[in-house]
Amino acid sequence: MSRTTQRECGTTGRRGPEKEHPAAWSAYGKLVRLFRERAGLTQQALAEAIDYSLEQVASVEQGRRPAKSAFTEAAERVLKASGALRVLQEDVDRAKLPLFFQDFASLEAEAVSRFSYDPMLVPGLLQTEAYVRALLEAHFPPLEEEAIEQHLTARLARQSLLTRKNPCVVFSFILEEGALQRMVGGRAVMREQLARLRDCTRMRNVEIQVMPTKHAAHSGLNGQMVLLETVERRQFVSIEAQGIVNIRSDRNEVSEFCLQYGMLRSQALNTEESARFIERLAGEL
């Protein structure tokens with residue numbers, strides 16, 4: 001599939017330098033400043049009231065640093081913001097994600113079902129903090145420490161989708177056996193990661209299947225895919241490779257990928273076999 005071809009509702013995002021701070025951070029910061037000044041507080045006074053440093057408050061107000069949920073809840077209470085800051089938290093968190101990934105994250109947040117095939121790595125929604133950190137620290141060119149922390153926080157925040165209640169999201173994950181055997185971060189990190197996967201297999205809205213390497217050729221070898229269906233029953237397929245995300249909504253295209261995914265599910269180990277396989281791998285580390 002061409003990287004630049006655009007069809008109905010098709011978008012292609014490319015990893016970029018991402019030097020500028022996101023507009024969501026700036027908007028949030030301006031709102032904090034407005035409420036602070038209305039309350040008659042200096043930045044120092046607000047910092048003391050919410051137990052943050054003056055530098056942290058100034059950075060948030062200037063849009064140079066994203067507010068975490070703990071900051072938002074404390075500021076809501078002290079500034080009596082009536083939910084105005086809280087309602088922006090999701091946008092602030094999403095803006096921490098790499099720019100090329102944000103369109104997909106917006107669709108993912110509206111999903112009622114999410115089916116994915118991941119040939120190389122454990123998918124982000126199932127990753128442990130240590131696994132995420134190991135991946136980010138391996139990035140090249142190297143990321144600055146601040147960028148690592150921002151991407152780490154954002155990726156972990158996405159995982160709330162697993163336990164969202166209204167509406168509940170149905171998940172299917174197909175992971176290649178090789179993705180589970182890749183020693184990301186070392187043995188201790190992978191032991192924790194496999195334990196996380198084992199716990200997720202027990203969630204009622206999550207199915208995890210392992211594609212064994214013995215299936216030398218199958219319909220997923222062209223690469224990773226994610227199938228999404230939103231509350232409005234709109235369907236999308238997202239494909240990511242080397243920092244390029246291609247999102248398609250053409251019905252014929254999506255239908256082809258759905259058929260392909262159905263074949264992958266039939267070829268992979270079933271959920272019970274997969275859980276035992278993950279348990280065995282964990283025991284070998």
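Just after H3, Gly-63 takes a positive phi of about 75 degrees. Helices here are DSSP runs of H or I with at least four residues, strands are runs of E with at least two, and both are numbered from the N terminus. This is a predicted model, in which local features need pLDDT of at least 70, side-chain atom pairs count only at pLDDT 80 or more, and totals for chains, interfaces and linings use all residues. Residues are numbered from 1 along each chain as its sequence is written, and side-chain values use heavy atoms, with hydrogens and water left out.

Helix H3 itself covers residues 54-61. Its buried residues are Val-57, Ala-58, Ser-59, Val-60 and Glu-61. Buried means under 20% relative accessible area, exposed means over 50%, and partly exposed lies in between (1.4 Å probe, protein chains only). What do the buried residues of H3 pack against? They pack against helix H1 (23-38), helix H2 (43-50) and helix H4 (69-79). Contact means heavy atoms within 4.5 Å.

Most residues other than glycine have a negative phi, and most peptide bonds are trans. Two residues other than glycine have a positive phi here. Asp-51 has a phi near 65 degrees. Asp-51 lies in the loop between H2 and H3. With a relative accessible area of 69%, Asp-51 is exposed. Ser-82 has a phi near 55 degrees. Ser-82 sits in the loop between H4 and H5. Ser-82 counts as exposed, at 76% relative accessibility.

Now for the cis peptide bonds. One runs from Phe-140 to Pro-141, with omega near 0 degrees. Pro-141 is in the loop between helix H7 (129-137) and H8. Another runs from Asn-166 to Pro-167, with omega near -5 degrees. Pro-167 is in the loop between H8 and strand S3 (170-176).

## Aromatic pairs

A pair of aromatic rings is described by the distance of the centres and the angle of the planes. How many aromatic pairs does a search of the whole structure find? The search finds 3. Rings of Phe, Tyr and Trp (its six-membered ring) pair if their centres lie within 6.5 Å; planes under 30 degrees apart count as stacked, over 60 as edge-to-face and the rest as tilted. One of the pairs is Tyr-52 with Phe-71, which is edge-to-face: 5.1 Å centre to centre, with 75 degrees between the planes. This pair links distant parts of the chain, 19 residues apart. Tyr-52 is in the loop between H2 and H3, and Phe-71 is in helix H4. Tyr-52 is partly exposed at 24% relative accessibility, whereas Phe-71 is buried at 2%.

Phe-115 and Tyr-261 form another pair. Their ring centres are 5.7 Å apart and their planes are at 25 degrees, so the pair is stacked. This pair also links distant parts of the chain: Phe-115 in strand S2 (residues 111-118) and Tyr-261 in helix H11 (residues 251-267), 146 residues apart. Phe-115 is partly exposed, at 23% relative accessibility. Tyr-261 is buried, at 2%. Arg-265 lies over the face of Phe-115, at 5.2 Å from the ring centre. A charge sits over a ring if NZ of Lys or CZ of Arg is within 6 Å of the ring centre and within 35 degrees of the ring normal.

## Two buried residues

Ser-116 is found in strand S2. Is Ser-116 buried or exposed? Ser-116 is buried, with a relative accessible area of 0%. Leaving out residues up to four places away in sequence, Ser-116 touches Ser-172, Phe-173, Ile-174, Met-225, Val-226 and Tyr-261.

Leu-194 belongs to helix H10 (residues 187-200). Leu-194 is buried, at 2% relative accessible area. Leaving out residues up to four places away in sequence, Leu-194 touches Leu-180, Ile-278, Leu-281, Ala-282 and Leu-285. The C-alpha atoms of Leu-194 and Glu-279 are separated by 7.6 Å, while the two residues are 85 apart along the chain.

## The second largest pocket

About 340 Å³ of space lies in the second largest pocket. Of its 13 lining residues, the closest to the centre are Glu-90, Ala-109, Ala-157, Arg-158 and Ser-160. On a 1 Å grid over the protein atoms alone, a pocket is an open set of points where a 1.4 Å probe fits, with protein on both sides within 12 Å along at least five of seven lines; lining residues have an atom within 4 Å of a point. Grid points are joined across faces, edges and corners, and the volume is the space filled by probe spheres set on the points.

Helix H5 (89-94), helix H6 (102-108) and helix H8 (145-158) each supply at least two residues of this lining.
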